[in-house]
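Visitor: Please give me a close look at a single part of this model. I would like its surroundings and its packing, with the cut-offs stated.

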Amino acid sequence: MRPTRPVRAAALVGLAAVLAACAPAQTDGASSGADEMEGTLRVWLFSEVDQEPKEAVVDEAVAEFEDAHDGVTVDVQYIPVDTRAERFRAAFNDPSSAPDVAEYGNTDLAGYVEAGGFLDVTEDLSDWEDHADIAEDVAATARVGDGTYGVPWFLGARALYYRTDVFDDLGLEPPETLEEVVEAGRTVREEDPDMLGVSTGGAYTYGFLPFVWAHGGDIAEEDGGTYTSAIASDEAKEGLELYTQILSDDVCPPQTCAEMGGNDSVQNFVAGNAAMTIGGNFNLKAVQESDVADDAAVVPLPGTEPGSIAPAFAGGNNLGVLAGTDKRTLSVEFMKLLAGKEYQREMYGAMGNLPTFTDVREEIAAEDEDIAPFIETIDAGTRFVPATGAWASIDAEGVLPTMVQRVASGDADVDEAAEEASASLDEAFAGE
C-alpha cells in the first residue's frame, strides 16, 4: 500500500441487531455480596477468525495476573459472536454459570444494563490513573445513564479509501469535503462506466451516519434518559440528501448499491471495482493484501468544510464485570489489566485493534502512517448510537437503512422517508 497522503491539521461493529430476537431476561442486577480473593476467575472473550494472536496476548496477561494473585486461576473461554445473545441471556439468568469478566460489543451495552447484567464500576475506576487518558466520547461508549459498565477495550473507525492511480489519471485530488467525495465519484464514473465512483450501500448504516453528523444532524436527542428522534431535522436531512446522491446511476447505481452493507462496499474496492469506499481500520489488512494495495491510500472522511473531518461511529468492544460475580475485586483488577495500556498496545500489534487510550494511539500513529488517518478521525471526535436498549430493535428492523433505500429507489423523497423513519424511532423509544 502506498503511504497515505500527509494528514491535515491535528473500530465489530454495531452488534446490537441479534439482541432484538433474543433479549436477556430481566434480573435485579445485584451481585452476590461476596468478594472472594481465591479460586477460578471466569472470563468470556469473543472468538476470532484468526484467534491465535489474540490468545497469545491474553495468555500473557493471564500469566501475569496469576503470578500476582496466589490461589487464583483465570479460565478464559472464547465464545462465538453470533451466539453471544443466548450466552449472555443464560448468564444473566443463572449467575452460577456466568463469567466474572466479559468482552461485549459497545452497542449491546444498553440492553445488557437494562437486563441488570453488568456491574456499575464507576467507583472502581475513579482512582485508576489510566482511565483519564480515554477521551470523553470514547469513555461514553461504556456508559448508560450515570453508570459506567466497563472499560473500552478497542476501537474501530472508518475513513475514506481511494485509488491513487485512478485519481492521478483523472487529475483528481483527494476530496476535502463530502460534496467533493460525491463530485469525484461522479467524475470517475463518467470516465469509466464500469467502475463505481464510491462503493457504499443503502444498508451501510455506519457509512451513512457520518454524513448526518457532519451536517449537524443526529439520530436522536436525549433528555433525562428519554430519547426523541432527530432524524427528520433539517440538518439530518441535508446529510441524507447528500448521501443518497451517491446511490445514483452516475456514482453507485441503486440496483447494485441500494442493498449493500459495509462488507460488500469494501469488497468492491478490494476487488478493483471502485475508486473510493468508506472502510474501517479493520479492513486495512484486506486492502493491503489485495491486488489494489499499491494503488490505495486512505484519508479521513472529510466533513462539510475543507480541513474538517466527518464524525465517525465509535465502534468497538469493551470489557466489563458481570453483576453476579462473587469476585468483584479480582474481576475489576483483571479487567483493568487486560484493558490497560500495556495490553491494548500488544493487542494492536497482534490484531490491529485500535487502542482506546489517546496517548497510546499517538504513539502508534507516529510509528505507522497507514493507521494515522483512522487515528486522526478518532481524535477529531466520534459519535455513538443512542444508549438505550431500543437500539437493538431499531437496528434489527433496519429503520435507518430503509429510510436511505426508499430515497435511493425513488419510492420516497427525503422529507417523506425521514418522517417515516422518525416515527419508527419514536415508537421504538416509547416502547422502552
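Guide: What follows is a close look at helix 18 and its packing against helix 19.

This is a predicted model, in which local features need pLDDT of at least 70 and side-chain atom pairs count only at pLDDT 80 or more, while totals for chains, interfaces and linings use all residues. Residues are numbered from 1 along each chain as its sequence is written, and side-chain values use heavy atoms, with hydrogens and water left out.

Helix 18 spans residues 399–409. Helices here are DSSP runs (H or I, at least four residues), numbered from the N terminus. Buried means under 20% relative accessible area, exposed over 50%, and partly exposed in between (1.4 Å probe, protein chains only). The buried residues are V399, L400, P401, M403, V404, Q405, V407 and A408. Their cover includes helix 8 (205–214), helix 9 (234–246), helix 10 (254–257), helix 17 (390–396) and helix 19. Just after helix 18, G410 takes a positive phi of about 85°.

Now the partner. Helix 19 covers residues 414–430. The two helices pack at an angle of about 165°, their axes 9 Å apart. Axes are lines fitted to C-alpha atoms over the stretch in contact, and angles run from 0 to 180 degrees between N-to-C directions. Helix 18 and helix 19 are therefore roughly antiparallel, a label for angles over 145 degrees. Their crossing is right-handed: the near helix is turned clockwise from the far one by less than a right angle.

Helix 18 makes this contact (heavy atoms within 4.5 Å) through V399, M403, R406 and V407. Helix 19 answers with V414, A417, A418, E420, A421, S424 and L425. By class, that gives 8 nonpolar, 1 polar and 2 charged residues.

Leaving aside neighbours within four places in sequence, M403 is in contact with F208, I231, L240, A417, A418 and A421. M403 and I219 have the most contacts inside the largest nonpolar core, a set of 64 residues. Such a core joins buried Ala, Val, Leu, Ile, Met, Phe, Trp, Tyr and Cys residues through side-chain atoms within 4.5 Å. A second, separate core has 53 residues, among them A139, Y161, M335 and I375.

Last, A430 of helix 19. At 63% relative accessibility, A430 counts as exposed.

Conventions: Parallel < 35°, antiparallel > 145°, perpendicular 65-115°, else oblique. Nonpolar A, V, L, I, M, F, W, Y, C, P; charged D, E, K, R; others polar.
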